[in-house]
Each structure stands twice: as C-alpha cells, then as structure tokens.
Amino acid sequence: MAGQLEGKSAVVLGAASKDNMGQTTARLFAKEGAKVMVAGRNEDTLAELAKEIGGAHAVCDITSHEQVHALADKAASEFGRVDAAVNCTGWGLLANTLEVTQEQLDQITDLQFKGVHHFVQAFVKVMSEQEPSGGSIISLSSATTKAVINNHMAYIASKRAGEAMMECVANDFGHLGIRANTVSPAFTESPMTHDAFATPGIVDAFLPRYPLGRLNTSMDVANACLWLCTDNAFVTGQNIQPNGGLTLRGNPQAKDIEAAVGAAMARQQEGGAAG
C-alpha cells in the first residue's frame, strides 16, 4: 500500500535536535513515502537523521536570508520539485515583559518574525516556479497565541506575526496551488521544554486544561502536518490546533503553575520525611 506522501518531496527545517518535533515530522514523512531534506544548524545530527530516513540534509539557520533561500534552491535542485516545506523552528522565551533585553528581542524577532518571512518567501518562490506550481507550506506556532499565558509576550507576539504571514501567503498565492497553514501545539515534551518537564508539578498544572485528557505529543503535531501535506487537505490559511482542546479551557496562569509546583514540592518533602 502506497504511503500518503508517495512520490512527493519535502523539506523540514528545525530538525537538528534529537527527537524534536522536526525530527518526528521528518521520520513520519519519510515513512509515508516522501523524499525528505532535513535542515537546521547541527550538521552531524542532520546527517545522521538523513541517513536513517534515506533522505538528504542541509545546514541552514532560519535567521539568514541567504541560507534559507539556498536551502529551498538545493531542495528543488536535488528533488526536482518541493511539494511540502515545514518550519519547526522556535524559541520558547520565558521572561517578564519588564525584564526582556534588547538582545533577546532582536533574537526572537530574527527567529520568529524575519525567519518565517525568509522561509515563506524562499519556498513560495520555488513552488511558484516549478511545473506544475503548488505545494504545502506549514509553520509551527503555539496554542499560546489563542490561550495566552504569563511571561511570554515577545514569544506570543512574534508567533502571531508568523500566523499572519501564513494567512497572507494563502490569500496571495492560492491561485498557484500553494497552500499555507499554521500548526499550533501546546505544552509538549521536547528538547525545548526539557527543563520545564523536570520541574515537579508542572504537568499537574497543565493536564486539567486538556479536554481529551492528555498533553499533545510531537507525533500528534507531525500527524497534523502530514495531513496538511496530502492531496486530501483542501485547506489553506488556517491555524490547526492538534492540542487536545487546550484552547477551549486556556493555559494555566503563573499563579496556577506556582500552586501546582508548590503542592508537588510539599508532597516530595512529606514523602522524604516519612521515609
């Protein structure tokens, strides 16, 4: 039985950290028959993944206009065309608005605003020039743009800007068969959230907010991306939320997280004293 992406080619940017969302997505796409080029900043990790999935790799920093355009051109040259391009990059800056530095603001703007612009510009160009034109462009955002959480203003604002770009691409280039969508996970265990998951009580604060009863996984996100890249997805300009309904109830706020962490720490201390 043919895979859902049989005969298609894809690029996944942000796949240079072990077992992150980018790597999970790349593995799934390859399993479903796509030729996949993985990209990011760590060449050793990328080369290992490319070998594992029988694909290709390229070093690319999304903050570099030249490197992103070179990535798109390389994929088009090696594969003949690009049917799907997925941006999995991001930086979960956790900082009080009054304490965000100019350096941090520049970094997150370069990554989550200018970087997304580089990405869509490069892949719209490639997808519009190939014959036949068309393809699926996806950029990962966050449920926090719909369910605001404390101390994430720069992160949320820049992610919302990326969502707006995808809507504009969908509106401007749909006549060429180019679809552009956002996929928004919620609190997901990944290399980016490793430290948070190590804190007792964090999951306790988030879990009741998910109507489906569990946190979303990287595979949930990858499956959403997979569907959007198949010919069955007559969808563009949308923000898909594979996060178990979190946006219905909203994220916990700082006081909720503090209370859950405090309760977990107290239980640990009681357990230690009893032992």
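Is aspartate 83 buried or exposed? Aspartate 83 is buried, with a relative accessible area of 13%. The model is a predicted one.

1. **Aspartate 83 and its partner.** The side chain of aspartate 83 forms a salt bridge with that of arginine 81. The N to O distance is 2.7 Å. At 13% relative accessible area, aspartate 83 is on the buried side of the cut-off, because buried means under 20%.

2. **Salt-bridge count.** The model has ten salt bridges. Three residues, Asp19, Arg27 and Glu52, are linked in a network of such bridges.

3. Arginine 27 bridges to aspartate 19, with the closest N and O atoms 3.4 Å apart. Arginine 27 also meets glutamate 52 in a salt bridge, at 2.7 Å from N to O. Glutamate 52 belongs to helix α2 (residues 43–53) and arginine 27 to helix α1 (residues 21–31), so this pair ties together parts that are 25 residues apart in sequence.

4. Aspartate 19 has a relative accessible area of 41% and is partly exposed. Arginine 27 is partly exposed too, at 26%.

5. **Helix α3, span.** Helix α3 covers residues 65–79, which is 15 residues. From first C-alpha to last, α3 reaches 21 Å. That is close to the 21 Å expected at 1.5 Å a residue.

6. **Helix α3, buried face.** Which residues of α3 are buried? They are Val68, His69, Leu71, Ala72, Ala75 and Phe79. Viewed down the axis of α3, these buried residues fall within an arc of 150°, so they line one face of the helix.

7. What do the buried residues of α3 pack against? Their partners are the strands β1 (9–13), β2 (35–40) and β3 (56–59), together with helix α4 (102–129). Glu66 and Ser77 are exposed, and sit on the face of α3 turned away from its buried side.

Notes. Residues are numbered from 1 along each chain as its sequence is written. This is a predicted model: local features need pLDDT of at least 70, side-chain atom pairs count only at pLDDT 80 or more; totals for chains, interfaces and linings use all residues. Side-chain values use heavy atoms; hydrogens and water are left out. A salt bridge is a side-chain nitrogen of Lys or Arg within 4 Å of a carboxyl oxygen of Asp or Glu. Buried means under 20% relative accessible area, exposed over 50%, partly exposed in between (1.4 Å probe, protein chains only). Helices (H or I, at least four residues) and strands (E, at least two) are DSSP runs, numbered from the N terminus. The expected span of a helix is 1.5 Å times one less than its number of residues. The arc is that of the directions from the helix axis to the C-beta atoms. Contact means heavy atoms within 4.5 Å.
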